Amino acid sequence: KLEAKDKAMLEYAENITLRPSEVDERDVERLKQAGWNEVDILDIAAVTSYRNFITRIADALGVQLPEEYAALRKDYVDSLMVGKKLL
């Protein structure tokens, strides 16, 4: 079971990923209330945004995961390459 602090972080990361134009100061305040400090929040935003950037670049270039990734959990593979299938 996830701790409330971790759950707040994951919800924030999901919002950055799926609804970036809707993220606002209320989201940051929820993270602070959950126990994250401003440096932590910057790190969460930066890492999440970087991962989204890499995924979008890979998608834009048509990069696909090699077959050996098929042995991994489907939800993990899906999170690596949004909308792409294994080679």
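Guide: The model is predicted.

Visitor: How many helices and how many strands are there in the chain?

Guide: The chain has 4 helices and 0 strands. A DSSP helix run needs at least four residues. Helix 2 spans residues 25-34, so that run qualifies as a helix.

Visitor: What makes Ala-8, Tyr-12, Ile-16, Leu-31, Trp-36, Ile-41, Ile-44 and Ala-45 a nonpolar core?

Guide: Such a core takes buried residues of types including Ala, Leu, Ile, Trp and Tyr, joined through side-chain atoms within 4.5 Å. These 8 residues form the largest set of that kind, so they are called a nonpolar core. Helix 1 (4-18) and helix 3 (38-61) each supply at least two of its residues. In soluble globular proteins, nonpolar side chains tend to be buried together.

Visitor: Why is Ala-45 said to touch Tyr-12 and Ile-16?

Guide: Contact means heavy atoms within 4.5 Å. Ala-45 touches both Tyr-12 and Ile-16, so each pair meets that cut-off.

Visitor: What share of the chain is called buried, and why?

Guide: Buried residues make up 23% of the 87 residues. They are called buried because their relative accessible area is under 20%. The accessible surface of the chain comes to about 6600 Å², with 58% belonging to carbon and sulfur atoms.

Visitor: Where is confidence lowest, and where is it highest?

Guide: Confidence is lowest in helix 4 (residues 74-80), with a mean of 71. Helix 2 is highest, at 98. pLDDT runs from 0 to 100. The mean for the chain is 87, and 87% of its residues reach 70 or more.

Technical notes. Residues are numbered from 1 along each chain as its sequence is written. This is a predicted model: local features need pLDDT of at least 70, side-chain atom pairs count only at pLDDT 80 or more; totals for chains, interfaces and linings use all residues. Side-chain values use heavy atoms; hydrogens and water are left out. Buried means under 20% relative accessible area, exposed over 50%, partly exposed in between (1.4 Å probe, protein chains only). Accessible areas come from the Shrake-Rupley method with a 1.4 Å probe; for residues, only the protein chains shown count as cover. pLDDT is the predictor's confidence in each residue, from 0 to 100. Lists of a residue's contacts leave out its neighbours within four places in sequence.
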